[in-house]
Amino acid sequence: MAKNWYVLHTYSGYENKIERSIRMLMDEGKLGEAVIDIKVPAEDVEERTKDGKRRVTSKKFLPGYILLEMDLPDAGWNSVMAQIKRINGVTGFVGSAPGAKPRPISQEEARVILQKTGEIKGDAVHRQKESFVQGETVRITEGPFNTFTGVVEEVNSEKAKLRVTVGIFGRSTPVELDFSQVEKI
């Protein structure tokens, strides 16, 4: 037996309720020692309110899925799976046929998901809610070019940066800005 991460498919919007139900089954001892940890994959998203303030909220990036860290025994895994599948809103495990033992995701896949949620140290950054496209007009809200408007020339989503062309003294000047320093017009 070895600990692995498994993906449980659920109805979208039921993830937190199902997580509580599984934790309750764990506390009651109905799952034995099979389930070790439960995660509802969510990431922090930075957004601007109507009054211009920044707010960080948690948003599920895999709606309809829950990660379960389990140590499934070779014998007796059926009773554990039956308990979990009886929970209202659970549709089954990803990658397994009905009646078959679930297959875990790879360690690399688990690491990437857990890193994105902030469970594992790494490049955890706040993702911006807004997305920008080339040619779009934006207003700069922070920095030395505050209140200027410009046209988006280049978008780097991975680094959350924009290159915006701004007119200064009649000349077009490219400026590199963070997503958080601009707003759509």
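Strands E1 and E6 run antiparallel and are joined by three bridges. In this predicted model, Leu-8 has Phe-93 of E6 as its bridge partner. Both strands belong to an open sheet of four strands, ordered E2-E5-E1-E6 with antiparallel pairing.

**Sheet and packed helices**
- The edges of the sheet are formed by E2 and E6, each of which pairs on one side only.
- From one strand to the next, the twist averages 30 degrees.
- Helix H2 lies across E1, E2, E5 and E6, and runs at about 150 degrees to E6.
- Helix H3, residues 107–117, also packs on the sheet, where it touches E1, E2 and E5. The direction of H3 makes about 65 degrees with that of E1.

**Nonpolar cores**
- The largest nonpolar core has 21 residues, of which Leu-8, Ile-22, Leu-68, Met-70 and Ile-84 touch the most other members.
- At least two residues of this core come from each of E1 (4–10), H1 (15–28), E2 (35–39), E5 (65–70), H2 (77–85) and E6 (90–93).
- H2 provides the largest share, four residues.
- Beyond its neighbours within four places in sequence, Ile-84 is in contact with Leu-8, Ile-22, Leu-31, Val-35, Leu-68, Met-70, Val-90 and Phe-93.
- Another core, of twelve residues, lies apart from this one and includes Val-138, Leu-177, Phe-179 and Val-182.

**Glu-19 in helix H1**
- Glu-19 is placed in helix H1.
- Glu-19 counts as buried because its relative accessibility is 17%, and buried means under 20%.
- Leaving aside neighbours within four places in sequence, the contacts of Glu-19 are Ile-38, Val-40 and Ile-66.

Methods
Residues numbered from 1 in each chain as written. Predicted model: local features only at pLDDT ≥ 70, side-chain atom pairs only at ≥ 80, totals over all residues. Heavy atoms only, no water. Core = buried A, V, L, I, M, F, W, Y, C linked by side-chain atoms within 4.5 Å. Buried < 20%, exposed > 50% of the residue type's maximum accessible area, 1.4 Å probe, protein only. Contact = heavy atoms within 4.5 Å. Pairing = 2+ DSSP bridges. Axes fitted to C-alpha atoms, helices over the stretch in contact; angles between N-to-C directions.
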